Amino acid sequence: MNEASPARVLAELVRALPDALFVSTCGYLSRDLQQVGDGPNFFYLVGSMGAALPVGLALARCAQRERVVVIDGDGSFLMGMNCLPLVGAQAPANLVHVVMDNGMHESTGGQQTAGNACRGVTAAMSAGGYPHALLVEDVADPVVREALGKPGPTGIHLPIAPREAIAPRIAPEPEELVRRTRKLIANNRSNHPGEVGP
Amino acid sequence: MPPRETGAGLVDELIRERWDYFSGVPCSLLKGAFSRLENLAADEPASYLPAPREEVAVAAAAGAYLAGRNPVVLMQNSGLGYCLNTLTSLLLIYRIPLVLIISWRGHGADAVEHVVIGEAIPRLLDDVHIAHRVMDDVHGAVSWSTAKATETRRPVAILVKEAI
């Protein structure tokens, strides 16, 4: 398999969903996302491994006009798997859950995660109640576009290559990340009144 | 007030103070509060997410706050161990206000699994700079936590010693 670099995959995801809110797991994946072009629609976790999915789930349920994309790695996915049935039960149509899988904890030195256990990512998502769960090698694959056109929650499992370079740390202070994302969502809401939250 | 009415009254008072997003993991001491949350009417200005683990509830609270909601998380003190990192590396440093309703098992003689955390809980909260107080009356506890969480933009905790 000719796996893509994480930077390229993230750039393609942002290009495919330019108006979405991205919530990214801690470590290198958030740093890679920042390199795509930082903005208020990117909410990076600098810690709290495994928390990206519940943050994104609540965000998707409380801001239903937004599309929310959770970026997990294989390590953080395994930590947060207890959330899959909750996501299935809450069934946010506007949530996309991406697992970028290089089979290792690369941010901490490349330790293996669960030794190929991630073969079951899409099966776990389906068992949790995601109506769509795809394993794809390329974001440009037409099945991705097709799945994103349907109501979610949608799971996408993407094998990726190890990194060739390490991106810089997250630049904005955590408080600023909160301030700017809250402002963006509030502005979007005032431009589209009438949203009802759960 | 009978215990169950106190739990429901606590939720009602929080909703009156515009806390509108609830999540948590149940404790028998908080049965009345969870019962009220499970029976929220569709037209009430609040919602409840039943979390599988306490760190999921706390992370969901952060996501809800991003969307403009005011979160509350209910748990047993055993759950503070599970979610301590989510509090320290997410809510505390991102400055997200949150009301924690924490039942205090093991503050006196109790089942053995509650003894260590029961003795340590006030110190644990002090050590990570989460302001806390024991719930005496519902109104006092809610108005204190509302003022404190809003003013500091940090999590605050109400410790519940008796069944509500």
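Author: Let us begin with the interface, keeping in mind that this is a predicted model. The area buried between chain A and chain B is about 2,200 Å², and carbon and sulfur atoms give 67% of it. On the side of chain A, the residues that lose the most area to chain B are A:Ser48, A:Glu175 and A:Arg182, which together account for 23% of what that side buries.

Reader: How many residues of each chain are in contact across this boundary?

Author: There are 28 residues of chain A in contact with 25 residues of chain B.

Reader: Which polar interactions and salt bridges are counted between chain A and chain B?

Author: The rule finds six residue pairs in polar contact across the interface, with both residues at pLDDT 80 or more. The one between the chains is formed by the side chains of A:Glu175 and B:Arg153, at 3.4 Å from N to O. A:Glu175 lies in helix α8 of chain A, while B:Arg153 lies in the loop between α6 (138-152) and β6 of chain B, so the pair joins two chains.

Reader: Which elements of chain A give two or more residues to the side that touches chain B?

Author: They are β2 (42-44), α3 (52-62), α5 (84-90) and α8 (174-191) of chain A. The largest share, eight residues, comes from α8(A), the helix that also holds A:Glu175. Sorted by class, this side of chain A has 19 nonpolar, six polar and three charged residues.

Reader: Turning to the sheets, what is the order of the strands in chain A, and in which sense do they pair?

Author: The general idea is that strands of a sheet pair through backbone hydrogen bonds, either parallel or antiparallel. In chain A there is an open sheet of six strands with parallel pairing, in the order β2-β1-β3-β4-β8-β7. Because β2 and β7 (132-135) of chain A stand at the edges with a single partner strand each, one side of each is left without a neighbour in the sheet. The twist from one strand to the next averages 15 degrees. To follow one pairing in detail, take β1 (residues 21-24) and β2 of chain A, which run in the parallel sense over three bridges, with A:Phe43 in β2(A) as the bridge partner of A:Val23. Helix α1 (residues 6-16) of chain A packs on this sheet, touching β1, β2, β3 (68-73), β4 (95-101) and β8 (154-159) of chain A, and its direction makes about 165 degrees with that of β4(A).

Reader: What is the strand order of the sheet in chain B?

Author: Chain B has an open sheet of six strands with parallel pairing, and the order is β2-β1-β3-β4-β6-β5. Here β2 (47-50) and β5 (131-134) of chain B stand at the edges, each with a single partner strand, so one side of each has no neighbour in the sheet. Neighbouring strands are turned by 20 degrees against each other on average, direction ignored. Strand β1 (residues 21-24) and strand β3 (residues 71-76) of chain B pair in the parallel sense over four bridges, and B:Tyr21 stands opposite B:Pro71 in β3(B). Helix α4 (residues 78-94) of chain B packs on the sheet and touches β3, β4 (98-103) and β6 (155-160) of chain B, its direction making about 150 degrees with that of β3(B).

Reader: Finally, which peptide bond is cis, and what is the phi of B:Arg95?

Author: As background, most residues other than glycine have a negative phi, and most peptide bonds are trans. In this model the peptide bond from A:Gly152 to A:Pro153 is cis, with omega near 5 degrees, and A:Pro153 lies in the loop between α7 (142-148) and β8 of chain A. B:Arg95 has a positive phi of about 55 degrees although it is not a glycine, and B:Arg95 lies in the loop between α4 and β4 of chain B.

Conventions:
Residues are numbered from 1 along each chain as its sequence is written. Chains are lettered from A and ligands numbered from 1 in the order in which they are written. This is a predicted model: local features need pLDDT of at least 70, side-chain atom pairs count only at pLDDT 80 or more; totals for chains, interfaces and linings use all residues. Side-chain values use heavy atoms; hydrogens and water are left out. Contact means heavy atoms within 4.5 Å. Buried area is the accessible area (1.4 Å probe) that two parts lose on being put together, summed over both. A polar contact is a pair of N or O atoms within 3.5 Å; within protein, one must be able to donate a hydrogen and the other to accept it, and residues adjacent in sequence count only if both atoms are side-chain atoms. Ala, Val, Leu, Ile, Met, Phe, Trp, Tyr, Cys and Pro count as nonpolar, Asp, Glu, Lys and Arg as charged, and the others, Gly among them, as polar. Two strands pair if DSSP finds at least two bridges between them. Axes are lines fitted to C-alpha atoms, for helices over the stretch in contact, and angles run from 0 to 180 degrees between N-to-C directions. A salt bridge is a side-chain nitrogen of Lys or Arg within 4 Å of a carboxyl oxygen of Asp or Glu.
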